[in-house]
Amino acid sequence: MEQDFFMNDRFIVLKILYENQVTIGENQFTPVTQEELANLAQFSKAKVNKLLNELMDGGYVIMFNGIKGRYQITKRGYDALKKHMWKFSMKGMQKWQNNN
């Protein structure tokens, strides 16, 4: 179930990728190493590697032009962000906790 897939650290990684995107021409991607992503998320590099692989396997993120350290959020990833972002606001998190 997608909701369960994103009520954890995967969503944090996806959100960080979203918040750190750059636009070059018509392309949007996040130029970040796994080590930088680990520092931003306060996770180990091994954990970030695992989470990124899960996001890529699920079709939420791809490597931009096949280049390591450049990640692009897919349409499925943007849809998940729109659907779940409210849960990570203070009000949304309280509402979600009260309903579960």
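This is a predicted model: local features need pLDDT of at least 70, side-chain atom pairs count only at pLDDT 80 or more; totals for chains, interfaces and linings use all residues.
**View 1. The side chain of Gln21 reaches back to the backbone oxygen of Tyr18, at 3.2 Å.** Residues are numbered from 1 along each chain as its sequence is written, and side-chain values use heavy atoms, with hydrogens and water left out. Gln21 sits in the loop between H2 and strand S1 (22–24); helices (H or I, at least four residues) and strands (E, at least two) are DSSP runs numbered from the N terminus. Is Gln21 buried or exposed? With 17% relative accessibility, Gln21 counts as buried (buried is under 20% relative accessible area, exposed over 50%, partly exposed in between, with a 1.4 Å probe and protein chains only). Setting aside neighbours within four places in sequence, Gln21 is in contact with Gln28, Phe29, Thr30, Ile73 and Tyr78, where contact means heavy atoms within 4.5 Å.

**View 2. Tyr71 is a buried residue in strand S4 (residues 70–73).** Its relative accessible area is 5%. Not counting residues up to four places away in sequence, Tyr71 touches a whole list of residues, among them Leu17, Phe29, Val32, Leu52 and Phe64. Met56 is on that list too: Tyr71 and Met56 are 15 residues apart in sequence and 9.5 Å apart in space, C-alpha to C-alpha.

**View 3. Helix H2 (residues 9–19) packs on helix H3 (residues 34–41) at about 110 degrees.** Their axes are 10 Å apart; axes are lines fitted to C-alpha atoms, for helices over the stretch in contact, and angles run from 0 to 180 degrees between N-to-C directions. H2 and H3 are therefore roughly perpendicular (65 to 115 degrees; under 35 is roughly parallel, over 145 roughly antiparallel, and the rest oblique). Which residues meet here? Ile12, Val13, Ile16 and Leu17 come from H2, and Leu37, Leu40 and Ala41 from H3. By class, that gives 7 nonpolar, no polar and no charged residues (Ala, Val, Leu, Ile, Met, Phe, Trp, Tyr, Cys and Pro count as nonpolar, Asp, Glu, Lys and Arg as charged, and the others, Gly among them, as polar).

**View 4. H3 also crosses helix H4 (residues 45–57), at roughly 105 degrees.** The two axes come within 8 Å, and the angle makes H3 roughly perpendicular to H4. On the H3 side the contact uses Gln34, Glu35, Leu37 and Ala38, and on the H4 side Lys45, Val48, Asn49 and Leu52. Sorted by class, they come out as 4 nonpolar, 2 polar and 2 charged.

**View 5. Gln42 and Asn65 each have a positive phi without being a glycine.** Most residues other than glycine have a negative phi. For Gln42, phi is about 60 degrees. Gln42 is found in the loop between H3 and H4 and is exposed, at 73% relative accessible area. For Asn65, phi is about 55 degrees. Asn65 lies in the loop between strand S3 (61–63) and S4, and at 61% relative accessibility Asn65 counts as exposed. Asn65 and Phe29 are 36 residues apart in sequence but 9.9 Å apart in space, C-alpha to C-alpha.

Key:
A polar contact is a pair of N or O atoms within 3.5 Å; within protein, one must be able to donate a hydrogen and the other to accept it, and residues adjacent in sequence count only if both atoms are side-chain atoms.
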